[in-house]
Amino acid sequence: MGIGMIKDKDISIVVQGPILTDAIYGITTHLTQFICTRLKKIFPESELIISTWEGENTQGIICDKIIFNKDPGATWFNYNNFEHLNNCNRLIISTAAGIKASSRKYVFKVRSDLFLVSKKFLHYFDKFPLYNEEHKCVKSRIIAFSLNTLYGHKTPLFTMNRPFHISDWAYFGYKTDLLNLYDIPLTQEPEFSQWFLTRCKPFFDIEPHRLWKMPPEQYITYSFLKKYHPIQLEYTVDNSNNNMEISSKLLTNNFLILDQTQFFLISLKFDVFT
């Protein structure tokens, strides 16, 4: 399909998350406003939707719709820092609400701290039309971001594999596909976030301080895919049931991962690059 055939007027942009102010390196003191202004400049005819929380200050932000979601709250999961919260249910609720409110054929979902440099990522959409239909769950592969898309963590002794782990920072695809991706149950708290509070973690899990069953990006991807395939993932490093092999087949047929030079996204909250 390519960038020439996807028109701005056919795209809804969902900026999801809290309204942020300060950016890294002192770039701006109106972070989310800065990001939305940039998005409107790149996509002047696209629908721009803010999906945030009740009580957030959206004054001065240029957009077409604002959704103020009721905050479901979050649960601690890190016994080294009780201020680290699992925002999985917040992510599901705010993203799903933004996608549901969209009125265009395609949706670009992006965090409220990600700065888009260029729309050239659209060149990649539908660029790879071959599928194994047995493993296909989408109309067309969902573009996702490489940052926080993980195969595993390599140590000198072993690799801690992470099946079904696709980044939730940004997506582009058909509205129907993204809506389906986020049409999943909320996690049951605090059991989900503190799963390993009463269980032993596997010896090859290099993050013993994290007590959750799995991180949000893995829960979302797995919950979506298991609607179509009888997969079983008990916790984040569960490699039983051929999970790594199945994960590779399902992810390659339903997602297209772009790195920072292809997606042209930069975090203005975290000093991270891929």
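Guide: First, a cut-off. A residue counts as buried under 20% relative accessible area, as exposed over 50%, and as partly exposed in between. Lys119, with a relative accessible area of 21%, is therefore partly exposed. Keep in mind that this is a predicted model.

Now the salt bridges. The structure holds 10 of them. Lys119 belongs to one: its side chain meets that of Asp8, at 2.8 Å from N to O. This pair links distant parts of the chain. Asp8 sits in the segment before E1, Lys119 in the loop between E7 and E8, and 111 residues separate them. Asp8 has a relative accessible area of 12%, so Asp8 is buried.

Next, Lys9 and Asp10. Their side chains also form a salt bridge, at 3.8 Å from N to O. Lys9 has 48% relative accessibility, so Lys9 counts as partly exposed. Asp10 has 23%, so Asp10 counts as partly exposed too.

Another salt bridge joins the side chains of Lys201 and Asp205, at 3.0 Å from N to O. Asp205 is buried, with a relative accessible area of 8%. There is also a network: Arg162, Glu207 and Arg210 are joined by salt bridges that share partners.

Back to the loop that holds Lys119, and on to E8, the strand at its end. Side chains in a regular strand alternate between the two faces of the sheet. In E8 both faces are covered. Ile142 and Ala144 lie on one side, Ile143 and Phe145 on the other, and all four are buried. E8 has two pairings to note. With E12 the sense is parallel, over 4 bridges. Here Ile142 stands opposite Phe255. With E11 the sense is antiparallel, over 2 bridges. There Ala144 has Tyr171 as its bridge partner.

Last, the nonpolar packing. The largest nonpolar core has 37 residues, and Phe108, Phe121 and Phe172 touch the most other members. E8, E11 and E12 are among the elements that each supply at least two residues. Helix H1 gives the most, with 5 residues. Take Phe121 as a close-up. Leaving aside residues up to four places away in sequence, Phe121 touches Phe43, Phe108, Leu116, Ile143, Phe172, Leu258, Gln262 and Phe263. Apart from this core lies another, of 30 residues, including Ile99, Ile166, Leu181 and Tyr219.

Conventions. Residues numbered from 1 in each chain as written. Predicted model: local features only at pLDDT ≥ 70, side-chain atom pairs only at ≥ 80, totals over all residues. Heavy atoms only, no water. Core = buried A, V, L, I, M, F, W, Y, C linked by side-chain atoms within 4.5 Å. Buried < 20%, exposed > 50% of the residue type's maximum accessible area, 1.4 Å probe, protein only. Contact = heavy atoms within 4.5 Å. Pairing = 2+ DSSP bridges. Salt bridge = Lys/Arg side-chain N within 4 Å of Asp/Glu carboxyl O.
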